Amino acid sequence: MGAAKLTVASLHKSFGGLAVLEDVSLAVTPGEFVSFVGPSGCGKTTFLRIIAGLESADHGGIRIDDHPVTKPGMDRGFVFQADSLLPWRTVFNNAFIGLEVNGAINPETRSRTQALLRLVGLGGFENYYPRQLSGGMRQRVNLARALAVNPEVLLMDEPFSSLDAQTREIMQSELMRIWSSGRKTVLFITHQIDEAVYLSDRVVVFSRRPGRISEIVAVDLPRPRPLSVKRSPEFVAYVERIWRLIEDDVRLSVLEEGG
Amino acid sequence: MSATRSHAAAADTGATEASVGAPRREPRGGGLKLQLVAWTSILGGLALWEFVGRVLVKNSLFLATPWQTALALVQLWQEGALQHHAWVSGQEFLIGFAIAVALGIPIGLATAASRRTAAAVNPWVSGLYATPIIALAPLLILWFGIGIWSKVAVVVSLVIFPVIINTEAGVRNADRQLVEAVRSFGANQMQIFMKVSLPSALPFILAGLRLGVGRGLIGVVVGELFGARAGLGYLIIQSAEIFNMPKLFAGVVVLAAAGILLTAAFQALERRLVPWNYE
């Protein structure tokens, strides 16, 4: 596997006596795209938030390039589920905010942010306000904002879950295009198994609470992957396999939420 | 006006209300039609008033017609009395309003920033805000004299509370997800305050000021009723004592016009300072 970009060592986390994550360990190689699936309430989001430094672990640790990580920083970029753009800032100033709070305000970072907005397909929209944009465009700003700090690791928490099915497909292939141009290490949470398979080198399957890694599935499909790969038998087989791994847990958690 | 009312609701209850910061739809196409309706309503109202004053209530001790009021306005202007009274009341209002804002916003920010400050200050704020503080006007006249400063004090006591309450509600209303997004880049508390909390609070603060306009005008007039040597409230009470209804109504009309103009000015200010809610 070589030197890992990110290592998670035996992570534990509980909220008020309720164990959410139990002994989660993982190593991610540089430039790898890893997705996380599992039933709701399995602690995926908490896992990502701990890596982002928004939450602290009870036990265990995170390392990026062998440096321990405990609080938020520019080496990670977080793409939130809700676009969470500041409504009073233009598209450009939203994308620029990570650099701004870190005091990296100079012509070079400005032109980098401009270039990123073009990369995510928002060239010409720099001076728009978020509410003038569609949901898909807002998520592109969200992505550009995370990329603008030039992070080592990109953390994405169900970034496309609020988009309609068509926009979602387009955003998936766009994300692939953007990812292959920079080859960031990406950790991506999703509820949709086909999305996980389409995007990822590996899919990590979480079990029901307390969250544990129950299986890691390596996706051996050639890249670049056109959207049509989703109809290939190999692809469908991966989706089937992962679905069978989480099916029972999902049923249980649905029952639990229902009653 | 529905947006105005929801601002008022937020201030009255001190509660956080989602719709306050929510985008406002500007009338499109129907704007001209609505203006026509507004003007018809105003002119119709004036015509009805004129009719009642001329035909139904003929006794000019009880009611002045719009026409008589207009004549009184012209006469007062020519005498220079109108300018004098308006200038005195205007000073009282502006100084009181400025003091209330200069104190109210920092107090609101302080109570939003620290639970301890909030615990110490909020019982006083909610207690005094709910009290008809206007009842203290005679006392304030006693303390500050018959000149402008007693009226300034009345204005401050009426305006400061909606400003404090709205400022605090605005800062507290800041979206947690936005705070978190900025925090994920390593922003410190001060940066979060400056880049998220304060801009989210701005529409609330401006709404608090707009509420303060109406309360401040009431403060000026009521203060002057209890003791003054000049001012629009003084003009009104003097005219009432000698049953000069046209002059009384003239004073009321000037106050109403001031209220409309100031509210419109604040709406224009909101449009400038909070463009993301309009565009």
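**Chat: helices in chain B, a sheet in chain A**

User: How many helices and strands are in chain B?
Analyst: Chain B has 12 helices and 0 strands. Both kinds of element are DSSP runs numbered from the N terminus: helices are H or I with at least four residues, strands are E with at least two. This is a predicted model, where local features need pLDDT of at least 70, side-chain atom pairs count only at pLDDT 80 or more, and totals for chains, interfaces and linings use all residues. Residues are numbered from 1 along each chain as its sequence is written, while chains are lettered from A and ligands numbered from 1 in the order in which they are written.

User: What about H8 in chain B, how far apart are its ends?
Analyst: The end C-alpha atoms of H8(B), residues 148–172, are 36 Å apart. The expected span is 1.5 Å times one less than the number of residues.

User: Where is the kink in it?
Analyst: At B:Val159, shortly before B:Pro162. The kink is about 25 degrees. The bend is the angle between axes fitted to the seven residues ending there and the seven starting there.

User: Why call H8(B) largely enclosed?
Analyst: Because 23 of its 25 residues are buried. Buried means 20 or more other C-beta atoms within 10 Å of the residue's own; exposed means 12 or fewer; partly exposed is in between, with C-beta atoms placed from the backbone. Across chain B, 38% of the 279 residues are buried.

User: Switching to chain A. What order do the strands of the open sheet take?
Analyst: S6-S7-S8-S3-S9-S10, with mixed pairing. Two strands pair if DSSP finds at least two bridges between them. S6 (76–79) and S10 (213–218) of chain A are at the edges with a single partner each, so one side of each lacks a neighbour in the sheet.

User: Parallel or antiparallel for S7 and S8?
Analyst: In chain A, S7 (153–157) and S8 (185–189) pair in the parallel sense, over 5 bridges. A:Asp157 has A:Ile189 as its bridge partner.

User: And S9 with S10, which way do they run?
Analyst: S9(A), residues 202–206, and S10(A) run antiparallel, joined by 5 bridges. A:Val205 stands opposite A:Glu215. A hairpin of 6 residues links the two strands.

User: Last one. Which residues touch the most others in the largest nonpolar core?
Analyst: A:Val37, A:Ala144, A:Leu155, A:Leu187 and B:Val155, out of 128 residues. H8(B) gives the most to this core, with 15 residues. Such a core is a set of buried Ala, Val, Leu, Ile, Met, Phe, Trp, Tyr and Cys residues joined through C-beta atoms within 7 Å.
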